[in-house]
Amino acid sequence: MAKLVILLSAFAVLLLVANASIYRTTVEFEEDSSRGQSCQEQFERQQRFRNCQRYVQQEIQGGRRLSSDVNQRQQCFKQCCQELQEVDRRCRCQNLEQMVRHQQQQRQLRGEEVEELYETASELPRLCNISPSQGCQLSSPY
C-alpha cells in the first residue's frame, strides 16, 4: 500500500511539472509573437503617420510660404507630433523609416528630394521634443 501511495505521488508531481512547462512555453510564444507585430500594428493604427507624411512633403516642397501654407504646415506638424507621441518609443524610428520608404516609392522621389525626405523625417522626434531627443538614424540610400 505504501508503495502505491509513493508511486501515485510521484506520478502526480510529474504531471504537474509537465503541465507547468506546457503553460510556460505557450505564454512565452504568445508574448514573442505579439512583440514582433506591435510596431507594425502601431504604424497602421496611426494611419502610416499620415500627418507626418504631409508635414515632411510640405517641407520638401518648401518654396511657397503663404500665411495659409504656414498655418497648414504648423497644424500638420502638431498632428505629426501627436502621432509620434502615441507610438512606443522603441517603434518611432522604425516606423518613421517605414513611412519614408513608403513615401519615396509612392511619390517616386529621386536624388536631393530623397535626401531631404530622410533628413526631415529623422529630425521629427527632436523637433517634437520627444524621445529619441537626438532624432533617428535613418538609413538613407544616399
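## Contacts and overall fold

Among contacts in the chain with a separation of 6 or more, 66% are between residues 24 or more positions apart. The model is a predicted one. The chain holds five helices and zero strands, in the order α-α-α-α-α along the sequence.

Of the chain's 142 residues, 33% count as buried. The exposed surface comes to about 9,800 Å², and carbon and sulfur atoms supply 51% of that area.

## L84 in helix α3

Helix α3 covers residues 67–85, and L84 lies in this helix. L84 counts as buried because its relative accessibility is 0%, against a cut-off of under 20%.

Beyond its neighbours within four places in sequence, L84 is in contact with F49, C52, R92, L96, L124, P125, C128 and I130. One of these partners, L124, is 40 residues from L84 in sequence, with 8.5 Å between the two C-alpha atoms.

## Helix α5

Helix α5 runs over residues 111–127 and has 17 residues. From its first C-alpha to its last, α5 reaches 24 Å, close to the 24 Å expected at 1.5 Å a residue.

The buried residues of α5 are V114, L117, Y118, T120, A121, S122, L124 and P125. An α-helix has 3.6 residues a turn, so residues three or four places apart point the same way. L124 and P125 are among the buried residues of α5, and both are in contact with L84. Just after α5, N129 has a positive phi of about 60 degrees.

Conventions
Residues are numbered from 1 along each chain as its sequence is written. This is a predicted model: local features need pLDDT of at least 70, side-chain atom pairs count only at pLDDT 80 or more; totals for chains, interfaces and linings use all residues. Side-chain values use heavy atoms; hydrogens and water are left out. Helices (H or I, at least four residues) and strands (E, at least two) are DSSP runs, numbered from the N terminus. Buried means under 20% relative accessible area, exposed over 50%, partly exposed in between (1.4 Å probe, protein chains only). Contact means heavy atoms within 4.5 Å. The expected span of a helix is 1.5 Å times one less than its number of residues. Accessible areas come from the Shrake-Rupley method with a 1.4 Å probe; for residues, only the protein chains shown count as cover.
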